[in-house]
Amino acid sequence: MRVWIFFVLCLAGRALAAPQQDALPEEEEAIEDVATEEAVVGSNPVQVEVGEFDEAIAEEEEEETTTENPCLNHHCKHGKVCEVDESSKPVCVCQDPSTCPESVGEFEKVCGNDNKTYDSSCHFFATKCTLEGTKKGRKLHLDYIGPCKYIPACMDSELTEFPLSMRDWLKNVLVSLYERDENNNLLNEKQKLRVKKIHENEKRLEAGDHPVELLARDFEKNYNMYIFPVHWQFGQLDQRPIDGYLSRAELSPLRAPLIPMEHCTTRFFEECDLDSDKYIALDEWAKCFGIKDDDVDQDMIV
Ligand SMILES: *[C@@H]1O[C@H](CO)[C@@H](O)[C@H](O)[C@H]1NC(C)=O
Ligand SMILES: [Ca+2]
Ligand SMILES: [Ca+2]
């Protein structure tokens, strides 16, 4: 799982180097935090990435305060840029992909679900915008980070192993967040209390690569330690809107960096959606990670 975290940190570094114009204030805070040297396991990958792949950022209409540039405080969603129309009103129009900053490396490339490689997420969203209103445009979404590649099919046996390591990873991320949470406020008081219990549990499996047998045994023996981390991750993703359901866009910050490294990612999240409504509800999510129905608790998220 270390490789995931490393990758997420790379992304965080990149986001820091070139802050998104429309990044939300809390995202910026999270990015700063993650960029600290010792943040090996403890970064919160989700907070960092929320927004970057979000296709659903509302276009904000803001009152013109100065006569200078009506576009100054006018935010457009990914793939669009602001332009001033004839009546001096700011409008969001599709960005010409050729105006996107040139990508500097493979890691900036993204793969669409059309299995086409785009130079960067900017190029991707600009292209998607030009297809707006068409069936093709509706269907096109960012699938994963990195150039398109061959992804082997996920076997049933591999699929059952996937939640084992993912669950362990979630727990470790949360514990290290807690350990570093002296002056930053990534966890609220209630959350801290819950993680404290996990942290102080002597039976806790230390972070590291463990064989699946050990992970499986630990989940059986220390099941209670995994309940909160699974809920917490759901809460991190369920942001736009906060409604107890994860849309594809909301899931993307977790899914997109994971797919090229863990070939079962796509199948895993597809199968989480038990009723096939394209959303992952909290109970579907919890079940996917092996949490019993009785332990699913909406209140744990806030
Ligand atoms: C997607 O593209 C990559 C790279 O061009 C190729 O290796 C892979 O087989 C393609 N996948 C599918 C499902 O067509
Ligand atoms: Ca939601
Ligand atoms: Ca569903």
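**Exercises on the disulfides of a predicted model**

Cys272 and Cys288 are both buried, where buried means under 20% relative accessible area, exposed over 50% and partly exposed in between (1.4 Å probe, protein chains only). The model is predicted, so local features need pLDDT of at least 70 and side-chain atom pairs count only at pLDDT 80 or more, while totals for chains, interfaces and linings use all residues. Residues are numbered from 1 along each chain as its sequence is written, chains are lettered from A and ligands numbered from 1 in the order in which they are written, and side-chain values use heavy atoms, without hydrogens and water.

**Exercise 1.** Determine whether Cys272 and Cys288 form a disulfide, and locate both residues.

*Solution.* Step 1: a disulfide is a pair of cysteine sulfur atoms within 2.5 Å. Step 2: the sulfur atoms of Cys272 and Cys288 are 1.8 Å apart, and the pair forms a disulfide. Step 3: the S-S torsion is about -120 degrees, so this disulfide is left-handed. Step 4: Cys272 belongs to helix H11 (residues 265–272) and Cys288 to helix H12 (residues 282–288), so parts 16 residues apart in sequence are tied together. Helices (H or I, at least four residues) and strands (E, at least two) are DSSP runs, numbered from the N terminus.

**Exercise 2.** Describe the disulfide of Cys71 and Cys82.

*Solution.* Step 1: their sulfur atoms lie 2.0 Å apart. Step 2: Cys71 is in the loop between helix H3 (45–49) and strand E1 (80–84), and Cys82 is in strand E1, 11 residues apart. Step 3: Cys71 is buried at 13% relative accessible area, whereas Cys82, at 21%, is partly exposed.
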